[in-house]
Amino acid sequence: MSCIQTIADYGLRSLGIGERLLPRSDFTLCQQFTLIGSGMIWNIYFGIFALAAGFVLATALALGKASRHTVLRKVSEWFIFIFRGSPLFIQFFFAYFLFLSLKSVAPVFGMFTSAWAGALVVLFFNTAAYSAEIFYGALLSIPKGDTEAADAYGLSGWSRFRRVIWPTMLRLAWPAYTNEAIFLFHATTLVYFSGFPALQQRGDALYYANYFADKTFNPFVPYPILAGYFIILTLIVITSFGLINTRLNRHLPQEKRKRLRIRPQIIR
């Protein structure tokens with residue numbers, strides 16, 4: 001079987017398209033690259049949707065934590081504390097058994113017992129909590145002169161938030177938020193170890209890497225391939241967020257613009 005035929009048969013297998021049976025013997029590098037790359041579709045799916053939804057919730061939680069309203073502040077603080085204070089791995093297991101229990105009460109929760117929905121919800125809440133703390137710190141760091149200038153121009157309410165508070169918050173928080181985005185994509189590999197099942201062997205990248213490692217008794221081929229895919233994905237995230245960082249700082253003089261620096265040693 002040629003490599004092109006292998007890609008055609010297994011390139012979209014993680015989505016249920018193409019050959020259903022996995023290869024059983026005579027594993028080739030092309031098969032391993034193709035199937036592990038196919039599983040990366042799910043890792044990218046988890047990362048993008050959890051990051052997008054988490055960004056919105058994180059902004060709301062940061063504003064809630066900074067609010068003068070006691071109820072909003074306490075709800076935001078406890079949400080952030082619970083999801084930052086407990087391990088993500090435990091959250092996966094707790095959520096799975098919670099959705100499993102709720103399924104008997106309301107059948108609508110049945111879809112959340114599968115990885116595509118249930119694991120996504122856990123990642124969404126987890127990254128929202130961490131991102132909210134980043135945004136909250138940025139809110140407290142907004143220079144007083146910026147808000148005074150907004151008041152001097154007569155801005156208030158939504159206009160003040162949209163034109164001054166929110167852009168400044170993002171500009172200050174973006175380097176740390178980039179690290180959070182990188183961690184989130186890496187954390188998608190934990191879905192494989194969680195209780196959420198992969199329907200019809202439509203697993204993520206780690207599922208296929210583990211399959212080849214078990215069949216060949218050689219982990220030194222599939223796992224480096226998996227690591228290579230995630231390194232490429234990390235470079236894409238860094239580049240994309242770097243472009244956004246440049247956009248956020250476009251109003252600053254060139255010599256005062258801070259380059260986005262990724263410090264892996266401080267990633268949680």
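Predicted model: local features only at pLDDT ≥ 70, side-chain atom pairs only at ≥ 80, totals over all residues.
**Entry 1: Phe196**

**Entry 2: The nonpolar core**

I then looked up the largest nonpolar core, which holds 65 residues. Which of its residues touch the most other members? I noted Phe46, Phe92, Leu123, Phe135, Phe196 and Leu226. I next recorded the helices that each supply at least two residues of this core: α2 (29-65), α4 (88-105), α5 (115-140), α7, α8 (205-216) and α9. Among these, α5 gives the most, with 14 residues.

**Entry 3: Helices α7 and α9**

I turned to helix α7, residues 157-187, and helix α9, residues 222-248. I noted that they pack at an angle of about 165 degrees and that their axes are 10 Å apart. Angles over 145 degrees count as roughly antiparallel, so α7 is roughly antiparallel to α9. I recorded the crossing of α7 and α9 as right-handed.

I listed the residues that make the contact. From α7 they are Leu170, Arg171, Trp174, Tyr177, Thr178, Ala181, Ile182, Phe185 and His186. From α9 they are Phe230, Leu233, Thr234, Val237, Ile238, Phe241, Ile244, Asn245 and Leu248. Sorted by class, the contact of α7 with α9 has 13 nonpolar, 4 polar and 1 charged residues.

**Entry 4: Helices α3 and α5**

I looked next at helix α3, residues 70-85, and its packing with α5. At what angle do α3 and α5 pack? I read an angle of about 115 degrees, with the axes 8 Å apart. I recorded that α3 passes α5 in a left-handed crossing.

On the α3 side, the contact is made by Phe79, Ile80, Phe83 and Arg84. On the α5 side, I noted Phe125, Asn126, Ala129, Tyr130, Ala132 and Glu133. By class, the contact of α3 with α5 has 7 nonpolar, 1 polar and 2 charged residues.

**Entry 5: Arg73**

I noted a relative accessibility of 23% for Arg73. Buried means under 20% and exposed means over 50%, so Arg73 counts as partly exposed.

Leaving aside residues up to four places away in sequence, I found that Arg73 touches Gly64, Lys65, Ser67 and Arg68. I also looked up Arg73 and Ala62, which are 11 residues apart along the chain. Their C-alpha atoms are separated by 9.1 Å.

Definitions and conventions
Residues numbered from 1 in each chain as written. Heavy atoms only, no water. Axes fitted to C-alpha atoms, helices over the stretch in contact; angles between N-to-C directions. Helix = DSSP H or I, 4+ residues; strand = E, 2+ residues; numbered from the N terminus. Parallel < 35°, antiparallel > 145°, perpendicular 65-115°, else oblique. Left-handed = near helix turned anticlockwise from the far one by under 90°. Contact = heavy atoms within 4.5 Å. Nonpolar A, V, L, I, M, F, W, Y, C, P; charged D, E, K, R; others polar. Core = buried A, V, L, I, M, F, W, Y, C linked by side-chain atoms within 4.5 Å. Buried < 20%, exposed > 50% of the residue type's maximum accessible area, 1.4 Å probe, protein only.
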